[in-house]
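Work through the following exercises with the sequence and the model open. Each task is followed by a solution in steps.

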Amino acid sequence: MGLRARMVHLIVPQADQREVNMRGIRAGWPWLLVVVWVSVSGAQGRGQLPQPVDWLEAGLMKGFPPAKESLVTKENWLNYPQLTWSFQHTRELFPTRSVPRGGKPLEFPVALCALDSITFKDEQGRDTTFGKFLKDTYTDSILVLHEGRVVYERYFNQMTPRTPHMLFSVSKSVVGLLAATLVREGILDERAPVSKYVPELETTALGDATIRDLLDMRVGVKFSEVYTDPRSDIVAYVLAAEWVPAPAGYTGPKDLYSMIKGLTQREGPHGDAFGYKSVVSDVLAWAMRKATGKSLAQMVSERLWSKMGTEEDGFYLLDPMGTEVAMGGFNATLRDLGRLGQLMLNKGEVGGRQIIPREVVEEIMAGGDREAFAKAGMTTRPGWSYKNQWWVTHNDNGAFMAMGVYGQRLYVDPKVKMVIAKLGSHPVASNAFTDLVHMKAFQALAKELSH
């Protein structure tokens, strides 16, 4: 059975009196309208996904003012094909905060290679090419760096080198990188409970989780991240961030920190099993803000974006209280994402300056506890681990990566000295849907470039 994914409106009729508890939402109303991410099982399989579409050709935001039928709004921005436009225009939909660049951009030498015709076996054992893979995975742009040179760079769906793109959970890896740096500098104590920095969390299920637990997502707070369940905490989280409009009569939290303070239930000990819970990244960022007295945008700018030779400012989406959405709200251009990958490949060094401690990157490359990771049961990521909010493959090349839903990836291969930055607008939110084919494609590139 294949999977298809789309945004749907879940309507719970009055006759269904079951509680839909999202910190204040109940299904006892005449009709409950909740927007949720849903993966729909179907016999159609992958071949029945919609054909990739260019947002301009699809007539989105056409005319001035745009015709009603072409509008992309907060109600439909995660629908397909609307997301093909919205991921490049989030600043036109949400409040944001800039992450200023600084200094002279780091320029890479260019030595382009013809990589489209590279062949490999896809996840179902079928012959395919790298060029076809890009289309099949709804790629918006891709950059391949090899030994510090641009060997491949392509843009689709109206993207340009100057177009910022939503990074979703790649944002977590930025947070983890800086938090681990603060630990290295002694600003954060990785053994201390988060309540030391955020007293507001002392009576919650998160209060006694250590900074190290947060960094490696081994936190025993009860937080469900099941997009198919309208009762899931991630749905409540999205509502609190105002990424989708709340239904009429909504009485739940209206900002991220209020939602976090309501997490009082445990589902296991801290420091044990890995569990991917987006809320953890925002808790970690909250501790960073408290420890430094600076906003997340300011920290990312001062410590990273203004020092690593970026071309463009980045920016964060904000919740209603003006808090950066640390778990998935960062936006940047493709080339600047590639520069972040090259920084990681160079173990924190850029242009002869060490801007991130070498030991922090080496810790990420070494990876985390693989037994703890295995307890999560991620079948498309066997043998992997998670360290400082980065995914570590432990493959023969020692590759590690940052990933975000809908196809955002930053892949670093230390052995081949290769960096791949890839942005997309896939109809299926979950990256697990395309994990295997991405790994096969990236390994095929590594093999080609290692010759």
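pLDDT is the predictor's confidence in each residue, on a scale from 0 to 100. The model is predicted: local features need pLDDT of at least 70, side-chain atom pairs count only at pLDDT 80 or more, and totals for chains, interfaces and linings use all residues. Residues are numbered from 1 along each chain as its sequence is written, and side-chain values use heavy atoms, with hydrogens and water left out.

**Exercise 1.** State the average pLDDT of the protein and find the stretch below 50.

Step 1: The average is 89, and 89% of the residues score at least 70.
Step 2: Residues 1-46 have a pLDDT below 50. Beyond near neighbours in sequence, this stretch has 117 contacts in the model (contact: heavy atoms within 4.5 Å).

**Exercise 2.** Is serine 171 buried or exposed, and what does serine 171 touch?

Step 1: Serine 171 is found in helix α3, residues 170-184. Helices (H or I, at least four residues) and strands (E, at least two) are DSSP runs, numbered from the N terminus.
Step 2: Serine 171 counts as buried because its relative accessibility is 0%. Buried means under 20% relative accessible area, exposed over 50%, partly exposed in between (1.4 Å probe, protein chains only).
Step 3: Not counting residues up to four places away in sequence, serine 171 touches Ala326, Met327, Gly328, Gly329 and Phe330.

**Exercise 3.** Give the strand order of the open sheet and name its edge strands.

Step 1: The 4 strands run β3-β9-β10-β8, with antiparallel pairing (pairing: at least two DSSP bridges between two strands).
Step 2: β3 (96-99) and β8 (165-166) are the edge strands, as each pairs on one side only.
Step 3: β8 is joined to β10 (residues 330-332) by 2 bridges, and histidine 165 has alanine 332 in β10 as its bridge partner.
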